[in-house]
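Have the structure open while reading.

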Amino acid sequence: MEKYSPQAIEKKWQKKWQEEDVYRTEMDPSLPKYYTLEMFPYPSGNLHMGHVRNYSIGDVLARYKTMEGYNVLHPMGFDSFGMPAENAAIKNGVHPAKWTYKNIGNMERQQKEMGLSYDWEREVMTCGPEYYKWTQWLFELFYKRGLAYKKKASVNWCDTCGTVLANEQVIEGKCWRCDSEVHKKDLSQWFLKITDYADVLLKDLEKLKGWPERVKIMQENWIGRSEGLEFTLDAPELGEKIPVYTTRPDTSYGITFLALAAEHPLVEKICENNPKAEEIRAFCKKVRSQSEIERTSGESEKEGIFTGCYCINPFNGNKVQIWVTNYVLAEYGTGAVMGVPSGDQRDWMFATKYGIDKILTLQPKDKELKLEEMTAAYVEKEGVLVNSGKFTGMEMHKAMSAIIDEAEAQGFGKRRVNYRLRDWLISRQRYWGAPIPVIHCPHCGEVLVPEEDLPVRLPENVKFEQGAVSPLAQCEEFLHCKCPKCGADAKRETDTMDTFICSSWYFLRYADPKNDKEPFAKDKVNYWAPVDQYIGGIEHAILHLLYSRFFTKVLKDAGLVDFDEPFTNLLTQGMVIKDGAKMSKSKGNVVSPEEIIGRYGADTARLFILFAAPVDRDLEWSDQGVEGAFRFLGRVWRILGRFEDTIRNAPKEYDVSALTKEEKDLRRVLHVTIRKVTEDVRDRFMFNTAISSIMELVNAFYAFQDKEINAGLARELADALLRMLAPFAPHIAEELWAILFAEGSVHRQKWPVYEEAATVQDEIEIVLQINGKVRDKLSVPADVDRAAMEKIAMEQPRVQELTAGKTIVKVICVPKKLVNIVVK
């Protein structure tokens, strides 16, 4: 065989696989199905090592499951709407479509150079009209089911991107995409009612046995379910009843102030005929300019302004000061929070700062607290009530329920379940997204675009300028239309949908990507979905994964699918880091996959990235590790080349009993390796230890490089070695299989099965010690007992020589390990 030349081999097989369409997948009810999917990428233009890791993990699973006899669906596509394309249009004058499709073409080429087993006939691009037609159709489905609505709201606005962001897209007060500061802005926006599904999204987390626990905890915390009391405080001078929500009704008798959000609708009414009106409005303006993180952080200073107005605590009739503060948010709860300084540290600090009264309502069972001696709030979750009317002396947890009962009986409150989760804001004031299929008619109001008129296509004749106005709002040919109900002049909705809408259902479209009559045929989607194994980054734990679960549940309720969870198993791979930091252009520590593939080949890139760390841990880049992976593949090439003729001429069946002891040992290593690799790939996704075992097998084979070897054993070993190597390094395995066996593709062979009997050792090596020092080693039968071990050891000439003339005090035997003879 010639020298290992990965570039020539890989191009040859990639061309052949593409020409023969070997990864095309069709429904086959006679086979068990397996749907493995890596999160599809945004077409930024070039793959990075994080992509390589993500796709290599999925490809190993797809190839392995195929060899296990599954009908495997392994598709790929592009999440191709989004702001970078539009920003490129603003900056460079290139149309977003042209920029996007060029990048897709480059990334497709790079993916094919990796030798990934994708069924490219199923490729989806979310920016294509044939896809976003059905994104719009699904919006209309949500609208018809009462799950899509428009309202004026204070929204998160990014000036740099010129668009609205959902709460989930604001990370520590900054835009998730460009890292610019986010501020609030009042706009009329479209929302999806994800809150209608909050309970089931929370409850069904328990179904997700194959998800990482930390992802489920992140979703549980984001949904944020709590049970408590909602009640009203009467404000007679304002002619209003102000609702508040609390999870601590046991502290209700301790309310001394009411904190309103700066955006609360009551603030303007408070300012009417109020001598402090200008001061209050100035304070509110200042607060609105602060980020949500600033306002809610435990580190930031809590500020407020007393309005001069009061409300009445319905439990004890006490007058309660009404304040506007910077730490209450309008969108959480009711936008008004009861202040109980003695039971909440934030309220304690606020009351202390502004000289507001404190009332003690809870204390430990075994200790009497005195307000004048306290330096902080009592925040323990146990105790008995004091200064709480007829509930004084009651244990706090019993009091919670009793106080809610009292509020309901008196008619000023009710039990309520509350959620941190808010409805999903999907409006974006950008061009490069799926247009929202709504027409605004002066007579009919909101009217859905008729289904037969979908898709509402993006116009090509638009201007791209930095700013707050969407290009669609400036495009006259797009904006003006006729009302489909009454025929009057009307205007189209100019907002586009959040790109997370597109990615909330793409995994279903893969089941039936060419369908032009519906999003997908029910029989096809129910055959393939849900996804058996989903692979992606932990950064998508809330956004994409929660939205996809929501979409799937709505589609189940609408009768479009028969399942209610999209992803049965989830693997969140670690990051690829270099020099102690995540690879990024700004840090100058990026390694190009093309560079590695060009120099060493795709098989080396794949093997290194799978071998360097467990898949769920961060991976430290190592040039030496890449070199090591390349050298290993060279060793495989050479050892099989050394025995090429032997293997090609060997019989398929051979007499195992005729093997020498060394050959039997090698065969045992082979079958132990098959067992280990199978369990590591199938049960644990421990690809790094699977590859390590394959390396050990190759090392054992090298012990015979200068010897003769039983031809049948050489063939058996080469056969199993290439089958096990195939999912990790598909090109070299295919080439060597063709050279040695010429029996179809290695990727269409069955996965090797180990023989239990072959894994059993006939003999084992034990250590001989004299007074704890190693003096010799010897082989004994694997099933030897303690007495036999001692007898064999004492008969050894070396032992007799070293113990001659000495008294044997005792003999210590550790079964299958060692014999230690103690002498004096």
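In this predicted model, the buried residues of helix H25 are Pro-730, His-731, Ile-732, Ala-733, Glu-734, Glu-735, Leu-736, Trp-737 and Leu-740. With a cut-off of under 20% relative accessible area for burial, 9 of the 11 residues of H25 (residues 730-740) qualify, so the helix is largely enclosed by the rest of the structure. The cover over these buried residues includes helix H1 (6-20), H2, H19, H20, helix H21 (644-648) and H24. Just after H25, Ala-742 adopts a positive phi of about 50°.

Two pairs among the covering helices can be examined in turn. Two packed helices are described by the angle between their axes and the distance between the axes. For H20 (residues 623-642) and H24 (residues 711-725), the angle is about 155° and the axes are 12 Å apart. An angle over 145 degrees counts as roughly antiparallel, and H20 and H24 are therefore roughly antiparallel to each other. The crossing of H20 past H24 is left-handed. On the H20 side, Phe-632, Leu-633, Val-636 and Leu-640 make the contact, and on the H24 side Ala-718, Leu-721, Leu-722 and Leu-725 do. By class, this contact of H20 with H24 has 8 nonpolar residues, no polar and no charged.

The other pair is H2 (residues 49-67) with H19 (residues 602-611), which pack at about 90° with axes 9 Å apart. H2 and H19 are therefore roughly perpendicular to each other. H2 contributes Met-49, Val-52, Arg-53, Ser-56, Ile-57, Asp-59, Val-60 and Arg-63 to the contact, while H19 contributes Arg-606, Ile-609 and Leu-610. The contact of H2 with H19 comprises 6 nonpolar, 1 polar and 4 charged residues.

Conventions
Residues are numbered from 1 along each chain as its sequence is written. This is a predicted model: local features need pLDDT of at least 70, side-chain atom pairs count only at pLDDT 80 or more; totals for chains, interfaces and linings use all residues. Side-chain values use heavy atoms; hydrogens and water are left out. Axes are lines fitted to C-alpha atoms, for helices over the stretch in contact, and angles run from 0 to 180 degrees between N-to-C directions. Helices (H or I, at least four residues) and strands (E, at least two) are DSSP runs, numbered from the N terminus. Angles under 35 degrees count as roughly parallel, over 145 as roughly antiparallel, 65 to 115 as roughly perpendicular and the rest as oblique. Contact means heavy atoms within 4.5 Å. Ala, Val, Leu, Ile, Met, Phe, Trp, Tyr, Cys and Pro count as nonpolar, Asp, Glu, Lys and Arg as charged, and the others, Gly among them, as polar. A crossing is left-handed if the near helix is turned anticlockwise from the far one by less than a right angle, and right-handed if clockwise. Buried means under 20% relative accessible area, exposed over 50%, partly exposed in between (1.4 Å probe, protein chains only).
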